[in-house]
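Please read the briefing below alongside the sequence and the model.

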Amino acid sequence: TENGCGHGDINAMAAFLIGAGEYAYYHCAKGWQSDEPWPLHPDVWLDWRDEYDRPLGQPLANGTKSSHDGLWRRFFSYGTWVEFDSNQGNGTIWWGDGTVQRGKPPLDDEAKKTGCTWQTMAN
């Protein structure tokens, strides 16, 4: 995508979906302001991503962390499931229609340039 989050948006969206609850909303943007030339040029605050319209259904359970591989996973009633590696900051979304979206590792050059990086709060 051409938005300011680059491919880091999939990582952030996957992490969000692991813990999202009722009345939780997601939007990925690099900063806190809108660009003046919108709609002539993309603007991450105002553009609507296709992923926002994909049906999830109800979560089948809370997100769980595997003791085997440390990956967080969550499944939804319309066949979508999400995985997030909290050690690497990398997420993958398997949409119910068969589409798979993988975030880029957060320490690559593009993620550094766009400002989308994963920071753990663990001690």
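**Surface and fold**

The protein chain exposes about 8,300 Å², of which carbon and sulfur atoms supply 53%, with accessible areas taken from the Shrake-Rupley method with a 1.4 Å probe, and for residues only the protein chains shown count as cover. This is a predicted model, in which local features need pLDDT of at least 70 and side-chain atom pairs count only at pLDDT 80 or more, while totals for chains, interfaces and linings use all residues. Residues are numbered from 1 along each chain as its sequence is written, and side-chain values use heavy atoms, with hydrogens and water left out.

- Buried residues make up 34% of the 123 residues in the protein chain (buried means under 20% relative accessible area, 1.4 Å probe, protein chains only).
- From the N terminus on, the elements run α-β-β-β-β-β-α (DSSP runs: helices are H or I, at least four residues, and strands are E, at least two).

**Sheet**

- Five strands form an open antiparallel sheet in the order β1-β2-β3-β4-β5, where two strands pair if DSSP finds at least two bridges between them.
- The edge strands, β1 (64–65) and β5 (100–102), each pair on one side only.
- Two bridges join β1 to the antiparallel strand β2 (residues 71–75), and Thr64 has Arg73 in β2 as its bridge partner.

**Largest pocket**

- Helix α1 (residues 8–19) gives the largest share of the lining of the largest pocket, three residues.

Note on methods
Buried < 20%, exposed > 50% of the residue type's maximum accessible area, 1.4 Å probe, protein only.
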